[in-house]
Amino acid sequence: MNSNSDAAPLLQGWPYPTLFAHRGGGKLAPENTLAAMKCGYAHGYGAVEFDVKLSADNIAILLHDDTVDRTTDGEGLATQFSVAELEKLDAGAWHGAAYEGERIPRFSAVAKYLHGLGLMANVEIKPSPGREAETGKLVAELCQELWRDRLVKPLITSFSVDALRAARRVSPQALLAPMGLLVDIPDESQLDLLQSLECVSLHCHHAKLTAEHVRFFHHHGFHVLTYTVNEVDQLAALLAIGVDGIFTDNLEVMAKRFAAQLHDSGRDMQDEQVLDIDWLGVPPPMP
Ligand code: G3P
Ligand code: MG
């Protein structure tokens with residue numbers, strides 16, 4: 001968390017810890033599955049990041065790529081599968097035999113699972129090409145509904161400006177979950193876009209991020225988060241320049257080395273775990 005004495009109002013009330021488990025379980029579990037979320041939790045993380053897009057029949061599901069090829073036993077564009085077809089695919093075996101039978105989860109199921117584990121979320125809207133606005137709208141509506149009774153809302157992000165614009169139209173900043181803009185290379189020219197989208201954060205690749213960028217965006221009231229940091233020295237250097245959030249695939253090493261950053265939001269708002277035993281009684285496999 002930055003310590004600018006003249007920090008703008010948006011920097012207040014940030015509820016998230018510094019470290020986020022990327023795609024739920026980093027490289028230790030099949031990405032964007034319930035098993036991945038459980039893996040992030042089991043390694044001590046307080047927050048997870050994951051990617052959401054729509055099935056052909058407009059159900060929000062977790063998947064990173066445009067196609068199902070890399071992370072399931074199926075082939076083809078995700079946007080051409082109904083949710084029932086997506087749910088038949090094996091989304092775990094590609095990662096290892098221990099995860100055989102793991103499924104592509106619905107966003108609604110993941111939200112419930114995270115509530116049960118007491119995990120915070122960064123919901124990345126990852127639209128299939130051509131579906132940016134409808135995905136942004138639906139995911140924002142679902143975030144409102146699924147986190148309605150939770151104090152800590154998910155942080156909604158996207159590389160797609162059209163998706164973020166549609167999400168913003170769902171509700172004004174005060175009512176919707178906070179939003180962040182994803183970019184590759186940070187640049188001061190992105191300030192206008194951050195302001196017009198009423199974002200609270202800029203998320204960029206770590207390679208080109210400098211202390212000057214962090215100071216600039218902090219000065220203008222925006223948090224700065226960076227992905228995907230898997231080397232200890234790099235992560236330490238990014239903390240030293242004051243970044244507010246870091247996404248990592250290297251769950252085990254980073255949790256040990258940076259244990260203080262797993263739950264360091266210092267917030268006074270804390271959701272209770274739902275402890276839905278029926279739901280949690282059938283945990284996905286652990287390695
Ligand atoms: O949000 C950080 C990171 O997830 C963005 O890149 O491609 O891993 O979704 P990607
Ligand atoms: Mg992502």
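I take helices (H or I, at least four residues) and strands (E, at least two) as DSSP runs, numbered from the N terminus. The model is predicted, and I use local features only at pLDDT of at least 70 and side-chain atom pairs only at pLDDT 80 or more, while totals for chains, interfaces and linings use all residues. Residues are numbered from 1 along each chain as its sequence is written, and chains are lettered from A and ligands numbered from 1 in the order in which they are written.

Entry on Gly74. I found Gly74 in the loop between β3 (60-62) and α2 (83-88). Beyond its neighbours within four places in sequence, Gly74 contacts Val68 and Leu89 (contact: C-beta atoms, placed from the backbone, within 7 Å). I also looked up Glu85, eleven residues along the chain from Gly74; their C-alpha atoms are separated by 9.7 Å.

Entry on α7. In this helix (residues 211-219) I listed His213, Val214, Phe217 and His218 as buried. They line one face of α7, because they fall within an arc of 125° seen down its axis (the arc is that of the directions from the helix axis to the C-beta atoms). I found β7 (201-205) and β8 (223-227) among what covers these residues. Just after α7, Gly221 has a positive phi of about 95°.

Entry on α1 and α3. I noted that Leu34, Met37 and Tyr41 in α1 meet Val110, Tyr113, Leu114 and Leu117 in α3.

Technical notes
Buried ≥ 20, exposed ≤ 12 C-beta atoms within 10 Å, placed from the backbone. Contact = placed C-beta atoms within 7 Å.
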